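Student: I'm new to this one. Could you show me how to read it?

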Amino acid sequence: MKNNTSEAPRILLIIKKLSESDYQEMCCEQLANYFDVDTRTMRRDLKKLMENGYPLNESIGRHGIKFYSLRAKEPIRFEYDEVAALCLCRPYLAPLEGTFLGDAAEQALKKLRNQLSDKEFENLEKLLGIFGQPETANIIKPMENTYILGELINGCEDRCEVRITYRSLSAKDEETYLIKPYELVNNGGVIYINGYSCKSHDIRQWKLSRMINAEKTRVKFERPSSFHFEQFSSPDKKKQHIVVRFAPAVAQLILERKWHDSEKLTENSDGSIIAEYNLAPTILLKNRILSYGANAEILEPASLRRELKNCIEQMRNLYQK
């Protein structure tokens with residue numbers, strides 16, 4: 001069986017392969033053939049596993065050939081409430097379905113189920129039925145994005161640029177360009193990649209399900225030490241002092257969630273909120289403000305206020321047709 005997997009998922013799959021009953025002990029060449037890589041790459045993977053504390057046994061067989069197996073460990077026993085909490089998280093794993101991480105999670109949940117008696121499992125299902133299911137989108141087609149996900153994980157881990165082929169909503173055809181992947185995030189049940197676009201020269205976010213292909217390069221990059229994905233900032237656009245008034249109807253929502261590090265909130269006597277930010281007025285910021293409809297008003301700067309006013313007028317004209 002050949003597996004065209006990249007390094008990050010392959011390392012986890014090596015552990016999985018060695019844990020299977022039919023493959024308690026395998027040599028480097030056997031593993032290399034199985035994962036369709038050369039023996040030098042496999043030796044490097046095995047060395048990395050051992051250096052990072054994975055429970056590998058190394059033994060010498062005939063003709064000096066090294067064999068690898070997993071060290072026996074005491075079985076882990078979970079308490080009932082721990083199993084319930086983990087099972088409750090299952091719907092949130094839907095975006096990983098069909099990838100090596102999703103398969104591993106599914107196997108783990110099956111093992112948890114086997115630790116319960118029929119009566120315990122029946123009670124657990126009743127407990128889980130109390131909680132509503134999250135609206136997660138199962139957007140990853142089975143076995144389709146496993147390789148792409150692995151390349152992106154490698155790019156994040158090794159700080160290497162990744163060449164992606166991407167189909168955005170606004171483009172008719174897919175485009176191929178370089179990105180600097182900083183992190184992967186699960187946002188509302190959808191996997192996104194946050195990073196720097198070498199094409200548009202700014203911080204961007206890409207949806208995994210829209211990627212046609214991904215290939216890690218050898219070009220290194222330095223991730224900014226202060227980086228965290230800011231929905232409303234862009235390094236190449238000039239920051240402005242932005243003031244937004246939020247109506248009392250949405251004031252509590254604004255107080256509960258901080259948008260940006262520069263955010264400063266002032267509560268008015270009428271229950272409204274004045275929010276001040278120092279950031280670049282990107283499309284993400286504009287869309288966020290527009291999502292509050294008549295409950296959000298741009299006070300400053302005048303240029304951004306005019307821009308949103310024009311957008312609203314265009315919408316009004318569209319609906320008057």
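Student: Which residues in helix H4 are buried?

Tutor: First, a caution: this is a predicted model, where local features need pLDDT of at least 70, side-chain atom pairs count only at pLDDT 80 or more, and totals for chains, interfaces and linings use all residues. Residues are numbered from 1 along each chain as its sequence is written, and side-chain values use heavy atoms, leaving out hydrogens and water. Buried means under 20% relative accessible area, exposed over 50%, and partly exposed in between (1.4 Å probe, protein chains only). Helices (H or I, at least four residues) and strands (E, at least two) are DSSP runs, numbered from the N terminus. In H4, residues 80-88, the buried ones are Val83, Ala84 and Cys87.

Student: Why do the buried residues of H4 line one face of the helix?

Tutor: Look down the axis: they fall within an arc of 100°, so they share one face. That arc is taken from the directions from the helix axis to the C-beta atoms.

Student: How many aromatic pairs does the structure hold?

Tutor: Rings of Phe, Tyr and Trp (its six-membered ring) pair if their centres lie within 6.5 Å; planes under 30 degrees apart are stacked, over 60 edge-to-face, the rest tilted. Here there are 2 pairs. Tyr182 and Phe221 are tilted, at 5.8 Å centre to centre and 50° between planes. Tyr182 sits in strand S5 and Phe221 in the loop between strands S8 and S9, so their pair ties together parts 39 residues apart in sequence. Both Tyr182 and Phe221 are buried. Phe246 and Tyr292 have planes at 70°, so that pair is edge-to-face.
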